[in-house]
Amino acid sequence: MKNAISLDEPKLARVADAAAIHALLWSEREAIPLKDRFNTEETRDWIRQHCKMRHFWVMKREDVIVAAMLLKPAEIMYLITDARFRREGLGVLLLRHAKRKRDELWAQVKPENERAIALLRREEFREAASWRGPTEPGWVGYRWTRAARDEPGGKLAKRKGRR
Ligand SMILES: CC(C)(COP(=O)(O)OP(=O)(O)OC[C@H]1O[C@@H](n2cnc3c(N)ncnc32)[C@H](O)[C@@H]1OP(=O)(O)O)[C@@H](O)C(=O)NCCC(=O)NCCS
């Protein structure tokens, strides 16, 4: 991480942010990856609906969206940082925000998406074959639970034990 920017706070996306979120995601269609049908008015509308439902979180710099994440009840999808602002800790800030809000989380990534996997592993997500359903074919599931973190031998337990 080049420089940790602890002043940045994830904010709930507004409906008016949907087009910018869509454009940011579409700019990374190969990495995520996204199918052609993502680039439609229907998908932009789907994003608007999720903004309305308070599922999209964004990070802004000078009022421009530079990172985004869809946080469903317990699943993270469409995590993205604008290429110009990578390795500054924005991905970590979004994931930590999700972890504060949930007791367990699930994310699916393509096995070749090394950046996303490194980020998930760094944030204590561990590979899991399935969760509330099977992982989609060709994707790898990563799961985080607060319980695992707190259980004996977990990070928190170790920290407590040293006191
Ligand atoms: C994956 C992604 C969201 C990471 O965002 P980011 O803001 O750059 O992430 P951070 O700066 O918070 O990185 C934190 C950690 O992630 C890991 N990481 C991020 N990018 C990495 C890279 N290019 N190579 C190796 N590790 C990487 C590292 O552990 C890094 O910590 P470090 O910088 O101290 O080494 C970003 O690369 C991205 O938008 N990729 C395209 C979209 C995508 O694939 N999203 C996932 C879809 S499921």
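User: What is the phi of Glu124, the residue that follows α4?

Analyst: Glu124 comes after α4, and its phi is positive, near 70°. This is a predicted model, where local features need pLDDT of at least 70, side-chain atom pairs count only at pLDDT 80 or more, and totals for chains, interfaces and linings use all residues. Residues are numbered from 1 along each chain as its sequence is written.

User: What makes α4 a helix, and where is α4?

Analyst: Helix α4 covers residues 114–122. Helices are DSSP runs of H or I with at least four residues, strands are runs of E with at least two, and both are numbered from the N terminus. By that count the chain has 6 helices and 7 strands. Their order along the sequence is β-α-α-β-β-β-α-β-α-β-β-α-α.

User: Which residues of α4 are buried, and how do you know that they share a side?

Analyst: Ala116, Leu119 and Leu120 are buried (20 or more other C-beta atoms within 10 Å of the residue's own; 12 or fewer is exposed, in between is partly exposed, and C-beta atoms are placed from the backbone). They cover an arc of only 95° around the axis, so they sit on the same side of α4. The arc is taken over the directions from the helix axis to the C-beta atoms. An α-helix has 3.6 residues a turn, so residues three or four places apart point the same way. On the other side of α4, Glu114, Ala118, Arg121 and Arg122 are exposed.

User: What covers the buried residues of α4?

Analyst: The cover includes β4, α3 (90–101), β5 (104–109) and β7 (140–145).

User: Why is Leu79 called buried?

Analyst: Leu79 has 23 other C-beta atoms within 10 Å, so it counts as buried. Leu79 is in strand β4. Leaving out residues up to four places away in sequence, Leu79 touches Met69, Gly91, Leu94 and Ala116 (contact means C-beta atoms, placed from the backbone, within 7 Å). Leu79 and Leu25 are 54 residues apart in sequence, yet their C-alpha atoms are 8.6 Å apart in space.

User: What is the phi of Tyr78, and is Tyr78 buried or exposed?

Analyst: Tyr78 has a positive phi of about 55°, although it is not a glycine. Tyr78 is found in strand β4. It has 20 other C-beta atoms within 10 Å, so Tyr78 is buried.

User: Why is Asp63 called exposed?

Analyst: Asp63 has 5 other C-beta atoms within 10 Å, so it is exposed. Its place is in the loop between β2 (56–61) and β3. Asp63 is not a glycine, but its phi is positive, about 70°.

User: Why is Lys72 called partly exposed?

Analyst: Lys72 has 13 C-beta neighbours inside 10 Å, so it counts as partly exposed. Lys72 is in the loop between β3 (64–71) and β4 (75–81). Not counting residues up to four places away in sequence, Lys72 touches His55 and Met77. Lys72 and Phe56 are 16 residues apart in sequence, and C-alpha to C-alpha they are 8.4 Å apart in space.

User: What kind of peptide bond joins Ile32 and Pro33?

Analyst: The bond is cis, with omega about -10°. Pro33 lies in the loop between α1 and α2. Ile32 lies in the loop between α1 and α2. With 18 C-beta neighbours inside 10 Å, Ile32 counts as partly exposed. The C-alpha atoms of Ile32 and Asn113 are separated by 7.7 Å, although the two residues are 81 apart along the chain.

User: Why is α1 called oblique to α2?

Analyst: Helix α1 (residues 18–27) and helix α2 (residues 41–52) pack at about 120°, with their axes 9 Å apart. That angle makes α1 oblique to α2. Under 35 degrees counts as roughly parallel, over 145 as roughly antiparallel, 65 to 115 as roughly perpendicular, and the rest as oblique. Axes are lines fitted to C-alpha atoms, for helices over the stretch in contact, and angles run from 0 to 180 degrees between N-to-C directions.

User: Which residues make the contact of α1 with α2, and how do they divide?

Analyst: Ala18, Ala19, Ile21 and His22 in α1 meet Thr43, Arg44, Ile47, Arg48 and Cys51 in α2. The contact holds 5 nonpolar, 2 polar and 2 charged residues. Ala, Val, Leu, Ile, Met, Phe, Trp, Tyr, Cys and Pro count as nonpolar, Asp, Glu, Lys and Arg as charged, and the others, Gly among them, as polar.

User: How many residues does the chain have, and what share is buried?

Analyst: The chain has 163 residues, and 28% count as buried. Among contacts between residues at least 6 apart in sequence, 56% join residues at least 24 apart.

Notes
Contact = placed C-beta atoms within 7 Å.
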